[in-house]
Amino acid sequence: MKSRRAVVASFVSASGGVGKTKLSLTLAYHLSRSNRKVLFIDLDPTAGASLVVFSEEEYDNHVKARNTLSDALEQYLIQRAIVEPSSVIVRAKVGDAFVDFVLPGEKLIRVVDELWRSSSAGLRFKKALESFIPFARYDYILIDNAPFFDPRYTALSLHISDCIFIPLRPSIIDLKRTLRMVFWLEDEMETIENGEKLRENLYAVFNHVPTNREQVERRFVENFLEGKEEEKFSTPDRTRQYIILLTYARQLKSKGVKFLSSYVEVSSDIERFPSPRAPSKKKEESLPAKANGYAKEASQILERLLRNQ
């Protein structure tokens with residue numbers, strides 16, 4: 001009987017500032033509070049997610065102790081040493097939930113540079129992670145990638161991923177950049193073992209959606225997701241903006257990208273989540289209400305992939 005392996009979901013974005021890290025952390029929180037075993041890998045050399053859930057002192061202590069991904073990769077790939085899971089996986093508190101966590105470390109850029117000097121960077125990365133990450137221990141592994149300004153991190157994560165979540169804002173520039181990224185993803189997925197299956201599991205989620213229902217971006221998101229694409233606006237400029245948004249979204253769908261029916265509105269509660277420090281014992285932290293729909297729908301996708309292994 002085939003042993004079960006964690007479902008791996010990578011979060012990638014064509015632009016910075018789309019809320020990729022916040023959405024990946026909110027999903028990790030939701031899954032953990034649903035009694036799922038979760039590992040979160042921060043694959044961004046700027047350590048954005050790590051510095052949200054750890055204090056500077058905690059982060060510095062883990063780096064000094066060499067409990068990081070870059071140290072583990074260096075030991076395995078360069079020093080040919082055996083790396084124990086306990087030396088790279090640490091415990092993190094996301095809100096009032098606990099998840100296992102992998103920090104990027106201060107040397108990730110240099111280690112990735114070294115990886116890419118070989119002709120099989122992705123396969124070497126996969127082999128390394130499989131040697132010191134116990135995939136069978138978890139239900140889900142979430143990877144927060146660096147933005148697509150440096151596509152090497154996304155390329156590496158594809159080799160171990162079962163699905164991809166693509167957060168984006170409902171803006172012309174985000175949709176256009178995402179379309180370009182998806183063209184690149186298509187080419188990259190042709191080079192990996194599970195590329196055909198991965199291509200069937202590309203999911204986009206609209207984030208930072210305006211709360212004002214009169215804004216073009218808001219009406220575009222609502223209409224597009226409901227399949228009610230015709231709309232009339234008071235000025236030619238607003239109509240033109242709507243048509244361009246719709247055109248790019250349709251092109252993404254034609255490339256096989258599935259859009260989550262749930263979207264996430266602009267919300268200060270989400271921007272502040274999770275609390276940078278542990279909340280009072282008398283008060284439990286809860287998932288921001290405006291992220292509930294997204295978190296539930298994304299978790300259902302992962303549950304389906306886990307069942308279908």
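1. Ground rules. Residues are numbered from 1 along each chain as its sequence is written, and side-chain values use heavy atoms, with hydrogens and water left out. Since the model is predicted, local features need pLDDT of at least 70 and side-chain atom pairs count only at pLDDT 80 or more, while totals for chains, interfaces and linings use all residues.

2. The sheet. Start with the open sheet of 8 strands, in the order β3-β4-β2-β5-β1-β6-β7-β8 and with mixed pairing. β3 (90–94) and β8 (258–259) sit at the edges with a single partner strand each, so one side of each has no neighbour in the sheet. Strands (E, at least two residues) and helices (H or I, at least four) are DSSP runs numbered from the N terminus, and two strands pair if DSSP finds at least two bridges between them.

3. Strand β2. How many of the residues of β2 (residues 38–43) are buried? The count is 6 of its 6, where buried means under 20% relative accessible area, exposed means over 50%, and partly exposed is in between (1.4 Å probe, protein chains only). In a regular strand the side chains alternate between the two faces of the sheet. Here both faces are covered, with Val 38, Phe 40 and Asp 42 buried on one side and Leu 39, Ile 41 and Leu 43 buried on the other.

4. The partners of β2. β2 runs parallel to β5 (residues 140–145), joined by 6 bridges, and parallel to β4 (residues 97–102), joined by 3 bridges.

5. β3 and β4 pair in the antiparallel sense over 5 bridges, and in their hairpin, which has 2 residues between the strands, Gly 95 takes a positive phi near 65 degrees.

6. Ser 32. This residue lies in helix α1 (residues 20–33) and counts as buried at 14% relative accessibility. Leaving aside neighbours within four places in sequence, Ser 32 is in contact (heavy atoms within 4.5 Å) with Val 38, Ala 97, Phe 98 and Val 99.

7. The cores. A nonpolar core here is a set of buried Ala, Val, Leu, Ile, Met, Phe, Trp, Tyr and Cys residues joined through side-chain atoms within 4.5 Å. The largest has 43 residues, and Phe 165 is one of those with the most contacts inside it. Helix α13 (residues 292–307) supplies the largest share, 7 residues. Another core, of 32 residues, lies apart from it and includes Phe 148, Ile 166, Leu 168 and Tyr 242.

8. Phe 165 up close. Not counting residues up to four places away in sequence, Phe 165 touches a list that includes Phe 11, Leu 27, Tyr 203, Leu 260 and Leu 302. Phe 165 is also the bridge partner of Phe 11, in the parallel pairing of β1 (residues 7–11) with β6 (residues 163–168) over 3 bridges.

9. Helix α10. Look at residues 216–226: 8 of the 11 are buried, so α10 is largely enclosed by the rest of the structure. Among the buried ones are Arg 218, Arg 219 and Glu 222. The cover includes α8 (172–189), β7 (202–206), α11 (236–254) and β8.

10. Most residues other than glycine have a negative phi, and most peptide bonds are trans. Asn 35 has a positive phi of about 65 degrees although it is not a glycine; Asn 35 is in the loop between α1 and β2 and is exposed, with a relative accessible area of 69%. Arg 66 also has a positive phi of about 65 degrees, lies in the loop between α3 (56–64) and α4, and counts as partly exposed at 37% relative accessibility. Finally, the peptide bond from Phe 273 to Pro 274 is cis, with omega near -10 degrees, and Pro 274 is in the loop between α12 (268–271) and α13.
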